[in-house]
Amino acid sequence: MSSKGVSLSARQIISKIIVYLLLGAGSIIILLPLQWMISTSLKPLSHVFRFPPEFWPQKIVWANYPDALTQLPFDLYFRNTVIIVFFCLLGEVIVSSIVAYAFSRLRWRGRNALFIVVLATMMLPRQVTLIPEFIIFKELNMIDTFWPLILPSWFGNPFYIFLLRQYFLTHSRELDQAAVIDGCSRFGVFWRITLPMSKPVLAAVAIFSFQFHWNDFFRPLIFLFSQENYTLALGLRFFQGTYGTEWNSLMAVSLVVMLPLIVVFFFTQKYFIQGVVFTGYK
């Protein structure tokens, strides 16, 4: 091997080491708040504000978790949140994929103009449509139920429609034409060919939907009044207002509420990244 090749290889190794060191340092900085949250959740209350601070508790108090989670009915809040998230996710994935298929694979007059209108709705703040929504659901006697939180998801989401449409455009039209020639209906093409080829972007949409509705605080605050209908986000805020001075308990509850998001993203990050990256191919 020539000296030039050796020097080039050494340069590449050094550059990779520098990149990994920078990424490692950045990861540590990003994970510090999570580490502090875990540490605080395991400390006695008297050790939370010690100086110098304890980055890891000298005495681990596991009882902080059951004590905090039993002060309010978090099992009920968890059930309510799971019900809302499941039906919202199901509606957004199904309806958004059907609409995106119509915009990307079917040819009809006014398709592009209507797609621009759909995208334009993304510029409307939620606060603008909130009052008309509230009046409609009040007239339908749906206030203080899960319906105002679930039904809008079954009318599609413009951002998810955009992601799915961009991904569907990367599929070859010859596949659709071959399936139609073989006697497959348009819905059959959508169900048997388009959806199986779109698992990454469907997973990305599902993760986005799960994350948004799991963390959603604003809409449950407006439409839910009874404590038995609270979601985890409302329950956490109620806990903060009631037991806000118990920082170890507050961190324990916050960590438990956040844990499903971390677990879901950890096991689906490959599909999530593929779905987002591939939507920009065309």
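A helix crossing is called left-handed if the near helix is turned anticlockwise from the far one by less than a right angle, and right-handed if clockwise. By that rule, H8 and H9 cross in a right-handed way. The structure here is a predicted model, where local features need pLDDT of at least 70 and side-chain atom pairs count only at pLDDT 80 or more, while totals for chains, interfaces and linings use all residues. Numbering starts from 1 along each chain as its sequence is written, and side-chain values use heavy atoms, with hydrogens and water left out.

First, the H8 and H9 pair. Helices are DSSP runs (H or I, at least four residues; strands are E, at least two), numbered from the N terminus. The axes of H8 (residues 173-181) and H9 (residues 186-194) come within 10 Å and cross at roughly 125 degrees, which makes H8 oblique to H9. Axes are lines fitted to C-alpha atoms, for helices over the stretch in contact, with angles running from 0 to 180 degrees between N-to-C directions; under 35 degrees counts as roughly parallel, over 145 as roughly antiparallel, 65 to 115 as roughly perpendicular and the rest as oblique. On the H8 side, Leu175, Asp176, Ala179 and Val180 meet Arg186, Val189 and Ile193 of H9, contact meaning heavy atoms within 4.5 Å.

Thr194 comes out at a relative accessible area of 1%. Leaving aside residues up to four places away in sequence, Thr194 touches Tyr101, Phe168, His171 and Val189.

Then there is H7. With 8 of its 11 residues buried, H7 is largely enclosed by the rest of the structure; Tyr160, Arg165 and Phe168 are among the buried ones. At its N-terminal end, H7 is capped by Asn157, whose side-chain oxygen lies 3.0 Å from the backbone nitrogen of Phe159.

H7 and H10 (residues 199-215) have axes that come within 10 Å and cross at roughly 170 degrees, so H7 is roughly antiparallel to H10. Phe159, Tyr160, Leu163, Leu164 and Tyr167 of H7 meet Pro200, Val201, Leu202, Val205, Phe208 and Ser209 of H10. By class, that contact divides into 10 nonpolar, 1 polar and no charged residues.

Notes
Buried means under 20% relative accessible area, exposed over 50%, partly exposed in between (1.4 Å probe, protein chains only). A polar contact is a pair of N or O atoms within 3.5 Å; within protein, one must be able to donate a hydrogen and the other to accept it, and residues adjacent in sequence count only if both atoms are side-chain atoms. Ala, Val, Leu, Ile, Met, Phe, Trp, Tyr, Cys and Pro count as nonpolar, Asp, Glu, Lys and Arg as charged, and the others, Gly among them, as polar.
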